[in-house]
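Hi everyone, thanks for making time this morning. I'd like to walk you through one structure, so please have a look at it first.

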Amino acid sequence: MDSGDFSLPTPTAPALGGGPAAPPSAHPGENPFGESPRRATPMRNLRKRIGSALAAIVALGAKFWAAIKGVLLLLPKAKLLTTAGTALVSVVLYSLFWGWTFALGFVVLMFVHEMGHVIQLRREGIKASAPMFIPGFGAVVMMKALPDDALAEARVGLAGPILGTLGAAACLAIAEAANSDMLRALAYVGFLLNLINLVPLVPFDGGRAMAAMAPALWFVGLGAMVALLLLTGNPFLLIFVVLGGMETWRRWQARKTRSIEQAAYYRVSARNRMLVGAVYIGLIVLLSLGMHESQVLVSAGHSFRIA
């Protein structure tokens, strides 16, 4: 409330000693000391109102900042909740087919694979989102920026299968120690998952490796994916054929411009091309061996290892 200048009527106090009361002033509101009363001026009232309004604005701003600060503090937790929430949904979906223990292990192996990308992206100085699971499709990591060149893109692409291979190998080691066919089967799926990601077609990790090694092999990967689609009739593969075909066409057309930026991006030394190729082929060999060692057949409720 605005507080204007006003005065309450002051009762006349009786004189001490029971004498007669002092006579009231002849002019109400007159100062008994002879001073003229100070009246509120319009400018003074305006200043008070402006001050009250500013105080209200400051109080509202403080409350707004407190709310914003609370949201900012919750952002890291929101990222964690996104990863955990999508992972939980994926576990529930996969458990309908494989049971919750196998589904949980499968999601963990996917998480290990994606963390390989996250770690390498941070080493390259590129901000990346936390892994987010897409039930039925796998998981993704969103990059905040593009790598500096094709070699950096290859390192980021191969980091996922490298860490994923180590995760599947650890699962196989635990399976051998515990003599668990369920864990052996889980390791097999982990090896297979990482091997599929080495298909030389963007958006697969193998396609990113080809950017530094031999971009022309994108067309080989696209042809292999089309052939697999025709042989299996799996409509799920059509998504990768469409996405891979569009990305291959876009990147190849950009390369044909022969611009300075494109030339700089794909300029990779022969030594680095050989290193990328060695890692790529080495992963294929290791993953194939891992699948052979962990393959388990199940018939009539009994499991049989492949010698």
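Helices here (H or I, at least four residues) and strands (E, at least two) are DSSP runs, numbered from the N terminus. With that in hand, take H4: it has 16 residues and reaches 22 Å from its first C-alpha to its last, close to the 22 Å expected at 1.5 Å a residue. H9, residues 270–294, has 25 residues and spans 36 Å from first C-alpha to last, close to the expected 36 Å.

A word on where this comes from. This is a predicted model, in which local features need pLDDT of at least 70 and side-chain atom pairs count only at pLDDT 80 or more, while totals for chains, interfaces and linings use all residues. Residues are numbered from 1 along each chain as its sequence is written, and side-chain values use heavy atoms, with hydrogens and water left out.

Now the overall layout. The protein chain has nine helices and four strands, and from the N terminus on they run α-α-β-β-α-α-α-α-α-α-α-β-β. I'll call a residue buried under 20% relative accessible area, exposed over 50%, and partly exposed in between, using a 1.4 Å probe and protein chains only. Of the 307 residues in the protein chain, buried ones make up 30%. Contact, for me, means heavy atoms within 4.5 Å. Among contacts between residues at least 6 apart in sequence, 62% join residues at least 24 apart.

Which residues of H4 are buried? They are Arg184, Leu186, Ala187, Gly190, Phe191, Leu193 and Asn194. In H9, the buried list is Val276, Gly277, Tyr280, Leu283, Leu287, Gly290, Met291 and Ser294. Leu289, also in H9, is exposed, because its relative accessible area is 52%. Leu289 and Phe191 are 98 residues apart in sequence, yet 9.0 Å apart in space, C-alpha to C-alpha.

Phe191 brings us to the nonpolar cores. By a nonpolar core I mean a set of buried Ala, Val, Leu, Ile, Met, Phe, Trp, Tyr and Cys residues joined through side-chain atoms within 4.5 Å. The largest has 37 residues, and those touching the most other members are Val107, Met110, Ala150, Leu158, Phe191 and Val276. The elements giving two or more residues to this core are H1, H2, H3 (150–178), H4, H5 (205–213) and H9. H3 gives the most, with seven residues. Setting aside neighbours within four places in sequence, Met110 is in contact with Tyr94, Phe133, Gly138, Ala139 and Leu193. A separate core of eight residues includes Leu222, Met225, Phe240 and Val241.

On to the aromatics. Rings of Phe, Tyr and Trp (its six-membered ring) pair if their centres lie within 6.5 Å; planes under 30 degrees apart count as stacked, over 60 as edge-to-face and the rest as tilted. By this rule there are eight aromatic pairs. Why is the pair of Tyr94 and Phe106 edge-to-face? Their ring centres are 5.3 Å apart and their planes stand at 80°, so edge-to-face it is. This pair links distant parts of the chain, with Tyr94 in H1 (residues 42–98) and Phe106 in H2 (residues 100–123), 12 residues apart. Trp98 and Phe102 are also an edge-to-face pair, at 5.5 Å centre to centre and 75° between planes. Together, Tyr94, Trp98, Phe102 and Phe106 form one aromatic cluster.

Gln120 lies in H2 and is buried at 11%. Its side chain makes a polar contact with the side chain of Glu124, at 2.8 Å. Thr248, in H7 (residues 236–256), is buried at 2%. A polar atom of the Thr248 side chain lies 2.7 Å from the backbone oxygen of Gly244.

How values were computed: The expected span of a helix is 1.5 Å times one less than its number of residues. A polar contact is a pair of N or O atoms within 3.5 Å; within protein, one must be able to donate a hydrogen and the other to accept it, and residues adjacent in sequence count only if both atoms are side-chain atoms.
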